[in-house]
Amino acid sequence: MVHPQTEDYWGNVNPVGPRSVYDEAKRFAEALTVAYHNTYGLDIRIARIFNTYGPRMRLNDGRVVPTLISQALSGEPLTVFGDGSHTRSFCYVSDEVDGIVRLYRSRCTEPVNIGGPSEITVLEFAETIRRLTNTGSEIVFRPLPIDDPLMRQPDISKARRLLDWEPKVSLEQGLAKTIEYYRTKAQ
């Protein structure tokens with residue numbers, strides 16, 4: 001495994017595992033896009049997105065941000081899979097959109113990572129949610145799903161160089177906005 005993940009890393013995924021449709025669909029979409037570019041001269045852009053979050057996410061979509069916020073705001077235990085040492089990187093939605101727009105306006109036809117370069121363990125993330133929501137919820141641990149990536153962190157050197165882009169909203173700022181959105185929706 002390459003860490004952090006660069007655009008030239010081809011990935012190492014199980015093509016028949018429980019996540020295979022998700023993992024392989026992303027790879028297929030890029031392959032198909034490049035095939036159309038090479039065959040028909042189609043003008044393309046390929047953004048590799050890493051864990052975008054922000055207001056208006058569905059609370060029940062199964063991703064870590066809305067799940068932990070929902071659990072914290074309702075006083076339920078916060079669910080962490082595995083021992084919490086696996087990592088994720090998060091990018092607030094306004095930064096993600098800015099990166100995608102900059103990529104769209106560029107002439108780059110190669111994949112470009114658009115995501116937050118700061119890595120945090122899922123346990124640290126759950127503790128941050130607990131602190132920002134001021135909840136007394138305990139953290140409970142469940143078995144790590146099969147084939148769940150242990151480390152996810154984009155190398156955004158190419159985006160910095162080609163697009164003059166990097167995220168501006170800190171994790172704490174973005175989470176505060178996201179939590180506030182869900183607090184107003186719960187009333």
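Let me begin with the second largest pocket, whose lining residues divide into 9 nonpolar, 3 polar and 2 charged, where Ala, Val, Leu, Ile, Met, Phe, Trp, Tyr, Cys and Pro count as nonpolar, Asp, Glu, Lys and Arg as charged, and the others, Gly among them, as polar. This is a predicted model, in which local features need pLDDT of at least 70 and side-chain atom pairs count only at pLDDT 80 or more, while totals for chains, interfaces and linings use all residues. Residues are numbered from 1 along each chain as its sequence is written, and side-chain values use heavy atoms, with hydrogens and water left out.

A pocket here is an open set of points on a 1 Å grid over the protein atoms alone, where a 1.4 Å probe fits and protein lies on both sides within 12 Å along at least five of seven lines, and lining residues have an atom within 4 Å of a point. The second largest pocket holds about 220 Å³ of space, and of its 14 lining residues F90, S118, V169, S170 and L171 lie nearest its centre. Two strands, β5 (91-92) and β7 (119-121), are the elements that give two or more residues to that lining; strands are DSSP runs of E with at least two residues, and helices are runs of H or I with at least four, numbered from the N terminus.

Turning to the largest pocket, its volume is about 1600 Å³, a volume being the space filled by probe spheres set on the grid points, which are joined across faces, edges and corners. Which residues lie nearest the centre of the largest pocket? They are R19, Y22, K26, P149 and R152, out of 50 lining residues, and the largest share of the lining, 6 residues, comes from α1. That lining divides into 24 nonpolar, 13 polar and 13 charged residues.

N51 counts as partly exposed because its relative accessibility is 32%, whereas R56, at 67%, counts as exposed (buried is under 20% relative accessible area, exposed over 50%, partly exposed in between, with a 1.4 Å probe and protein chains only).

Finally, F28, in helix α1, is exposed, with a relative accessible area of 54%.
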